[in-house]
Amino acid sequence: MRITVAGIGYVGLSNAVLLAQNHSVVLLDIDAARVAAVEARQSPIAAPDIERFFATVPLDLSATTDPALAFAGADWIIIATPTNYDPVSNRFDTGSVHAVLAAAGRHAPDTPVVIKSTIPVGFVAQQHDEGIANVFFAPKFLREGRALHDNLHPSRIVVGERSERARRFADLLLKGAVDKDVPVLFTDPSEAEAIKLFSNTYLAMRVAFFNELDSYALVHGMDTRQIIDGVGLDPRIGAHYNNPSFGYGGYCLPKDTRQLLANYAEVPQNLMQAIVDANRTRKDFIADRIMDRQPRTVGIYRLAMKEGSDNWRQSSIQGVMKRLHARGTEIIVFEPAMAEERFFNSEVVRDLAAFKARSDVIVANRITDEVADAADRVFSRDLFGSD
């Protein structure tokens, strides 16, 4: 079977690798460098599992920038292109998804199209109303840096259509997975879109809750970890996803919570707005605590949210940086994966020893052994060493 996957990000690449174990997969992207990397069996993103598969697992996988070549003879088309949140329109920017739908319509009009990109509630229904009947949505539940692992060991598979082709697509995913006894849910289109947004918003709410618990403990001179340990012993709450941070961030949670809030435009709500507001308040609080130390130079240790990821899009530490900049604080950044010399008007320092020597306070969203020798100057809320 021939499958085309549009988008060489962590979603598209991990799905392509999963499926290329058993099928012929063509990756399509506008970025020639990413295409060349895949052709050379080098992962264009930081993903140890994908690098391992490239080195050890036979894969029927190719990549191209040519839509006509990519779509020719395709039995399935998967869209995994970015849908960034647009603050002007207060919605996801689905332009890249529309572009792939249009190209697929020209080159493979009868091929079923599965959207993996996160989309607003009602997007697929709108496409159906406009005469594009061969499209449906199957949400992703993947962690950056561990996307292939989460495809090989899925928590669940959700497909936003009740049909024979929906079952065939779920079978494609299961065939490539290591775990076979996986819950599979077939829903209507808008319900699948809502599952994705509500899932991420619940995770954001949990992050916000434990962050506000941590803020309370810090203000009152209490031990946050003792409180979280006790709260987590309640089996209804559990000791998971409870590590304080500088706020929820990364690519998905900030944009998905704001998109869900936008979908509530005509529905009464309090909690969704509070989740979005809580993240802003937490970053204000963290910036205040850093400034309490009266630093001349603040060093930002790594920008990425997740261990093993090179993706720092909308990471929460950037919000803290902006607040420190607004107060006139000098900021330097240690991010060895960054090619640029400056980030947000801050110098990028690639020499770790020089970075630590110049920093009065080292701000680390997650602590590693690299900064253990400067522990007296590290500011972090990483209590459990987990995401």
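Questions on a predicted model

Me: In which helix is Thr224 found?
Reply: This is a predicted model, where local features need pLDDT of at least 70, side-chain atom pairs count only at pLDDT 80 or more, and totals for chains, interfaces and linings use all residues. Residues are numbered from 1 along each chain as its sequence is written, and side-chain values use heavy atoms, leaving out hydrogens and water. Helices (H or I, at least four residues) and strands (E, at least two) are DSSP runs numbered from the N terminus. Thr224 belongs to residues 224-232, which form helix 10.

Me: Is Thr224 buried or exposed?
Reply: Buried means under 20% relative accessible area, exposed over 50%, and partly exposed in between (1.4 Å probe, protein chains only). The relative accessible area of Thr224 is 2%, so Thr224 is buried.

Me: Which residues is Thr224 in contact with, leaving aside neighbours within four places in sequence?
Reply: Contact means heavy atoms within 4.5 Å. With those neighbours set aside, the residues touching Thr224 are Leu213, Asp214, Ala217, Pro244, Arg381 and Leu383.

Me: Which are the edge strands of the open sheet of six strands?
Reply: Two strands pair if DSSP finds at least two bridges between them. The strand order is 13-14-12-11-15-16, with mixed pairing. Pairing on one side only marks the edge strands, strand 13 (342-343) and strand 16 (378-379).

Me: What is the bridge partner of Val333 in strand 14?
Reply: Strand 12 (residues 330-334) pairs with strand 14 (residues 346-348) in the parallel sense, over two bridges. In strand 14, Val333 has as its bridge partner Val348.
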